[in-house]
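Biologist: Please walk me through this fold. I will ask, and you answer from the model.

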Amino acid sequence: MPLNIKIPTPTLEQAYELFLQNIKRIDWYEENGRPYFLKTLHQMNKPLIEQMISERALLKTQESKFITQFQKPFELELYHPERYNRIRDEILSYKDVFDKIYKKFKLLNNSWGFVIWPEYVIDLNMYVGNGSYNAKTGHILLGIKGGGIQISMATIKLIMHEMIHLGKNTRSNILSKSI
């Protein structure tokens, strides 16, 4: 049984909400020594993004006004469902690589209790360029910097890296089998 990988195309509302979460976290990123996030947004060279960044203080005082003000421009300038679909198809074209990693995960599972999730959901984020995972849901958030990049083996390795984090999520299983 191969890895079950799902890569949904977000609705406009989902993509906008994710983007707003990113905007809200700019200050946190900077305060915690992660200025690359803001740098990535600036590199997209989009006047709308620059305006949203400069007016982000409104999110703290007049959130509904900010959301309403920028939703239609976001839809027209930044939301491109066809990019999500293209990237999904490119990632899934690496089926042979995912099949190989599944075999390795099975060995780790049998020997060490490595967790293989019934389903890996990869949520695409067009506005950052890294990956993260949610240990509660098994979701992987994959940043793809505006959706203009070609998927490469480096992208697939990043996905596998996050899958490994998810599989190591039950350290007690692994520790108990190593003794």
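This is a predicted model: local features need pLDDT of at least 70, side-chain atom pairs count only at pLDDT 80 or more; totals for chains, interfaces and linings use all residues.

Modeller: Residues are numbered from 1 along each chain as its sequence is written, and side-chain values use heavy atoms, with hydrogens and water left out.

Biologist: How many helices and strands does the chain have?
Modeller: Helices (H or I, at least four residues) and strands (E, at least two) are DSSP runs, numbered from the N terminus. Along the sequence the pattern reads β-α-α-α-α-α-α-α-α-β-β-β-α-α. The count is ten helices and four strands.

Biologist: What percentage of the residues count as buried?
Modeller: Buried means under 20% relative accessible area, exposed over 50%, and partly exposed in between (1.4 Å probe, protein chains only). The chain has 179 residues. The buried share is 38%.

Biologist: Which residues touch the most other members of the largest nonpolar core?
Modeller: A nonpolar core is a set of buried Ala, Val, Leu, Ile, Met, Phe, Trp, Tyr and Cys residues joined through side-chain atoms within 4.5 Å. The largest one holds 50 residues, and the members touching the most others are Leu41 and Ile91.

Biologist: Which helix gives the most to this core?
Modeller: In soluble globular proteins, nonpolar side chains tend to be buried together. Here the top contributor gives six residues, and it is helix α1 (residues 12–24).

Biologist: Which residues does Ile91 contact, leaving aside neighbours within four places in sequence?
Modeller: Contact means heavy atoms within 4.5 Å. By that test, the partners of Ile91 are Ile7, Phe98, Leu124, Leu142, Ile151, Ile156 and Ile159.

Biologist: How many nonpolar, polar and charged residues are in the contact of α1 with α6?
Modeller: Ala, Val, Leu, Ile, Met, Phe, Trp, Tyr, Cys and Pro count as nonpolar, Asp, Glu, Lys and Arg as charged, and the others, Gly among them, as polar. From α1 come residues including Phe19 and Ile23, and from α6 residues including Phe70 and Phe74. By class, the contact has ten nonpolar, one polar and four charged.

Biologist: Which residues make the contact between α1 and α4?
Modeller: The axes of these helices come within 10 Å and cross at roughly 50 degrees. That makes α1 oblique to α4. The residues are Tyr16, Phe19, Leu20 and Ile23 of α1, with Ile49, Met52 and Ile53 of α4.

Biologist: Which residues of α3 and α4 meet?
Modeller: Helix α3 (residues 36–43) and helix α4 (residues 47–54) pack at about 140 degrees, with axes 8 Å apart. That makes α3 oblique to α4. The contact joins Leu38, Leu41 and His42 of α3 to Ile49, Glu50 and Ile53 of α4.

Biologist: Is Phe19 buried or exposed?
Modeller: Phe19 sits in helix α1. Beyond four places in sequence, Phe19 touches Leu41, Ile49, Met52, Phe74, Leu78 and Tyr127. Its relative accessible area is 0%, so Phe19 is buried.

Biologist: What is the relative accessibility of Asn125?
Modeller: Asn125 lies in strand β2 (residues 120–125). Its contacts beyond four places in sequence include Leu18, Asn22 and Gly143. Asn125 counts as buried, because its relative accessibility is 1%.

Biologist: How far apart in space are the C-alpha atoms of Asp89 and Ile7?
Modeller: Asp89 is in helix α7 (residues 81–92). Asp89 is partly exposed, at 44% relative accessible area. Asp89 and Ile7 are 82 residues apart in sequence, and their C-alpha separation is 8.9 Å.

Biologist: What separates the C-alpha atoms of Ile116 and Gly167?
Modeller: Ile116 is in the loop between α8 (95–112) and β2. At 22% relative accessibility, Ile116 is partly exposed. Gly167 is 51 residues away along the chain, and the C-alpha separation is 5.9 Å.

Note on methods. Axes are lines fitted to C-alpha atoms, for helices over the stretch in contact, and angles run from 0 to 180 degrees between N-to-C directions. Angles under 35 degrees count as roughly parallel, over 145 as roughly antiparallel, 65 to 115 as roughly perpendicular and the rest as oblique.
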